[in-house]
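Dear colleague,

My notes on it follow directly after.

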Amino acid sequence: MEQGFNRRRFLLSTAGIAGGLALPGAPLFAQSANKIRVGLMLPYTGTYAALGNAITNGFKLAVEQGGGKLGGREIEYFTVDDESDAAKAPENANKLIKRDNVDVLIGTVHSGVALAMTRVARETKTLLIIPNAGADEITGPLCAPNIFRTSFSAWQPAYAMGQVMAERKHKNVVTLSWKYSFGEQSVAGFKEAFEKAGGKVVKEMYLPFPNVEFQPYLTEIAALKPDAVFVFFAGGGAVKFVKDYDAAGLKKTIPLYGSGFLTDGTLEAQGDSAEGILTTLHYADGLDIAKDKAFRTAYAMAFKMQPDVYAVQGYDAAQLFAAGLAGVGGDVTKREALIAAMEKATVDSPRGRFTLSKAHNPVQDIYLRKVEAKQNKLVSVAAKALADPARGCRM
Amino acid sequence: MDFSTFLIQLLNSLQYGLLLFLVASGLTLIFGIMGIINLAHGSFYMMGAYMAFSLTALSGNLLVAIVVGIALSVLIGFLLEWALFSRLYKRDHLDQVLLTYGLILIFEELRSLIVGDDVHGVPIPELLSASIQLSETLSYPVYRLFMSAVCILLAIVMYWLIRYTRLGMMIRAGSSNREMVQALGINIDLIYRIVFGLGVTLAAFAGMLAAPVSSVYPGMGNQVLIICFVVVVIGGVGSVWGALVAALLIGLADTFGKVIAPDYAGLAVYVLMAAVLLWRPEGIFRRI
Amino acid sequence: MAELVLSARGMSRRFGGLYANRDVSLDMHKGMLHAVLGPNGAGKSTLINLLSGDLPPSAGQILYRGQDISGWSPDKRSRAGIGRSYQRTNIFPAFTVFENCRLAAQSRAPRALRVFSKAVSFADLCDAADRAIEQAGLAARRDAVAATLSHGEQRQLEIAMVLATSPSVLLLDEPLAGMGPEESQSMVALLKKLTPDHAILLVEHDMDAVFAVADVITVMVTGQVLESGPPEQIRDSVAVQEAYLGEGEPGDE
Amino acid sequence: MPLPARKKRNYLPLVLLVLALFPMFGSGYYNELIAKIMIMTIFAMSLDLLVGFTGLVSFGHAAFFGVAAYSVVLLSPKYDPANLWLVLPAAVFTGAAVAFVVGLFVLRTKGIYFIMVTLAFAQMIYFVFHDTPLGGGSDGAFLNVKPELRIGETVLLDLNEPMQFYYIVLAFLVVAYVFLRVLLRSPLGHALAGIRSNEHRMLSLGFPVFLYKLAGFVTAGGIAGLAGFFSACQYGFVTPEILSWHQSGNVLLMVILGGMGTLNGAAIGAFAFVVLQELFSALTKHWQLLMGAVIVTVVMVLPGGLSSLPQRLKGLLIGGGNRNG
């Protein structure tokens, strides 16, 4: 042991420092001046990997349709797998911003990661377009001129659902969601609209994310016997919840409603259990919109699979950025003009045209959808051109 | 909470606890008999669930999928033991921890490469798809009861196996003293291989059994891993009975934690663990 | 009568239903070497483990200078002055002989809070270690790594480590096991040298050595004391001869 | 394993020089990366004190790192910088204090059990931050303004400045390294080494082994707290994930990768780990597959860690050599 104290083998580590620097640093020296550098920070591993891929596909489809260019400029991609790990988010964002010097940052799915990215983007004044994460704060207290979102805020679909459920004469409702800010914000948005219209939320229940042992809550719901249930879940948890809810026999007696993610990208796994469930979202199957049909065909041709709402959001991120570039002739250095052009843009989205609110969140139609034959079929427009209230945004 | 709700919650906790026992029993066997910390145990659970999905899709029948899946799991267990674990028995626990940590990453990425990253459902077999009406609004799926029955059956089989069979005798001897058993002319390497295969198969079987209820999704293995560790810590390393008691306790703590103190539900299980450790640092039961 | 240092009163230890020690009583006095004889499985090692605190007794009392120490942990007993050696060599194999003993000496003066001083800078501890090494006859091997010592030398180190803790009681579990004749002789000499200042309990198979050094001998059979007394009494005891000596040389463990 | 005496070559000054001069050549991102490696080195060294020098394989070390990081965020005023001399000792103290409480429980167990119990306790603390509103739940919490050191109106040190941050981390890396070296040659250090080598004998020699282990555990917790402090300051953001078992696994991996029981190994391990991650994730989407393969390979064929590599290569070239490196 004594000898162990004296043995210093630092040769390796010093050699390592010298070698290690040259390796990931390569892009730094291979900087091509005339391409626009796009940084994609999305989940490519873990729970949300499928979503990250869909967004990437959507974005790239829009670029392909522009002949590989946006605003007349060629595109160079830099990707980082954010692993949906918020702890690594600032570091990963810095990789793209400081190492790769990207002109625009696109990301991400997970709200916690997106919040951290937003902070970094505000500090470094990097242009950020968020293609999914719905945390209200991003276009609320954290809003900034350089931060845009092409998806939705948690508040939007939930608020619309509050109106729908009140219209459908439900009086007493129980809510259930994972206990994290996105879930809580969804419930808050729902509650706001629902109670304004005279309904009452009998009980708000939360379970720790990402716990999927729902049985105790279903038993609670059965004991409380509300008129209806509003939930927020997504991904694997959504699949299990919908199946458990059906298996517990509750679906027959107490109708289940949810924010759209309850049945998005999950219908194949949910099977018959999801049939008839009503959800609200800014996208639906069976929209009578030419742009949507064209988008779906093109997407299916390019990637051999059907697009989903995430692909649409990625596609629109590219479209929004293209609109900005068009306004400045492709010159990203004219930042204020670029941002102004993006603010004024009307995005011709597959979900229907939308504009941006002052806080840079889409002002969009929220659709009421019903699950039929493994599709989220459009029922009606639940809220026309719904704008997020952008509480706390000082811009 | 009225009395009938209370009873139903009790049933919920029992059912959850039994499933936990099934997953954790393989872990505790590998721990207790081979002295190996297997972090990849959750990955075997995940592997089982995905096998149930893929094989059901191929054969159209969950039962066939489970039979083929079990055969595959045994094979995978043997292979891993032969290729990797058998070389680590003389090494530190630390090396085992790291090896299995590396395996988690590998299994998760292989899953992504082979099956993809989507969420999939596994249909409940026709025969078991009914429900029993428990209260006015609530019914209980027969499949869940079936799962519990299978878990109880397996607990009994394991008890019998360890107590009354020659294999069980050798396993018990092997867990107390590797050298001595070797000296008695028992092929300890074979015993270890069998135990490891058994452990892997138990985890994978739990995954297959749970797949129709839980559906299959990326990262599902990591979710059960830690709770299984808590089961083993509370129950006592290597004790199958301890694992059963601990799993049932955790089922109770989790279920009623969610009902009584929903804000601290995630903590309930760990508070239970700390309490048990204060009382008995080596877990409730010490040996098989 | 010499000073009574350590004594066991009706001490028992059960493993499951089996008694490893049953109602054992014995006394150890300063300046006397108390040897314990008995066939394999007689409970001699259990006796030492009970006295040293490695095992808690199921019943009975252990008195150290009149104080009941039955519930004390091994380290507390050691600090109080009860040192022991092990039947299977139990040392720090990666350390030098000196460091083995220095560490043993350090246990008397923990100084754990002085983290900014070098361990080897405490002269008193180093002296104690060197004295112990000298006593055990290992001076020539002071700086050798313990793992490289011969078996006999490791047995000597085992003793040296106990000595470095300056104990008043020595519990020695077969210190001669596996030693060559020469090494045995020097160990016997060492034991004789140590006896005046210590109360020594010696568990040993080597009859010649035991009768050469022991002041009192206790013979144990199946966990119980068969007979206890001076060597002559034991040599002449019919019971002992029947139970034990009559069987001839006991085999090695 | 005794080695033949060989010429000692001390590369420490050289490494220090490289680290000190690095910011003059590196870009902003690489400065951050090196700062991160230095923080992880502090973290890995603290774990090495337990794993490599005391023989306590803790699988919950991220808890102390994370708790300290949270303490920085929770103790800082919302819109003003906190006082460095207040929050830094507070973070170290938090790490040590939590280690003390956890140690009281976990040090009652040994071996395989110890590994699991440390893991379970770390998970418990993880859930405290994950499930309760204390630190913002699963969403984490932000440190809006990083701490600074000021006397009167003059700001002496400001962690918001990347350059200053870099050099402060470097300074504390040196402090932690020297502290651990001194500790290891102190009576306490020798006693810990004795516990690693033969705990049972330490007990029978009269060492209150539990207290010694607790002292080591608390010290390691405090130094992990130091690393946690800098980690929170570097990115201004904490989430429960920083005390997850993955984090504990990663730091354990760094210790093994570099070779345990040598503080320098911790540095090599931290460096190799971060660089490998950087490299692989640039290479492929399935980079974790490569990471997993590296881990398995190191465990199977390189038990002494990377720092044993030159020795092994030498052995291979010269032929014979000692097989264990």
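I begin with D:Q247, which counts as buried because it has 22 C-beta neighbours inside 10 Å; a residue is buried if 20 or more other C-beta atoms, placed from the backbone, lie within 10 Å of its own, exposed if 12 or fewer, and partly exposed in between. Please note that this is a predicted model, in which local features need pLDDT of at least 70, side-chain atom pairs count only at pLDDT 80 or more, and totals for chains, interfaces and linings use all residues. Residues are numbered from 1 along each chain as its sequence is written, while chains are lettered from A and ligands numbered from 1 in the order in which they are written.

D:Q247 sits in helix α9 (residues 245–258) of chain D; helices (H or I, at least four residues) and strands (E, at least two) are DSSP runs numbered from the N terminus. Leaving aside residues up to four places away in sequence, D:Q247 touches D:A62 and D:I242, where contact requires C-beta atoms, placed from the backbone, within 7 Å. D:H61 is 186 residues from D:Q247 in sequence, yet their C-alpha atoms are 8.2 Å apart.

In chain B, B:S239 lies in the loop between α9 and α10 (240–260). B:S239 is also buried, with 23 other C-beta atoms within 10 Å. Its C-alpha atom is separated by 28 Å from that of B:G219, which is 20 residues away along the chain.

The unreviewed UniProt entry annotates residues 16–40, 52–80, 142–162, 190–212, 224–252 and 264–281 of chain B as "transmembrane region"; such annotations may be inferred rather than shown by experiment. Among these, the span 142–162 of chain B is 100% helix and 0% strand, with its end C-alpha atoms 30 Å apart. The span 190–212 of chain B is likewise 100% helix and 0% strand, and its end C-alpha atoms lie 34 Å apart.

Where chain B meets chain D, the contact takes 38 residues from chain B and 37 residues from chain D. On the chain B side, α4 (93–114), α9 (220–235) and α11 (265–279) each supply at least two residues, and α4(B) gives the most, with 15 residues. By class, this side of chain B has 26 nonpolar, five polar and seven charged residues (Ala, Val, Leu, Ile, Met, Phe, Trp, Tyr, Cys and Pro count as nonpolar, Asp, Glu, Lys and Arg as charged, and the others, Gly among them, as polar).

Chain A is assigned domain 1 (10–25 + 34–152 + 288–360) and domain 2 (155–281), with bounds from an automatic or database domain assignment. The C-alpha centres of these two domains of chain A lie 30 Å apart. Their contact takes nine residues from domain 1 and 11 residues from domain 2.

Finally, chain C contains nine helices and 10 strands. Of its 253 residues, 45% count as buried.

With kind regards

Note on methods: Two residues are in contact if their C-beta atoms, placed from the backbone, lie within 7 Å.
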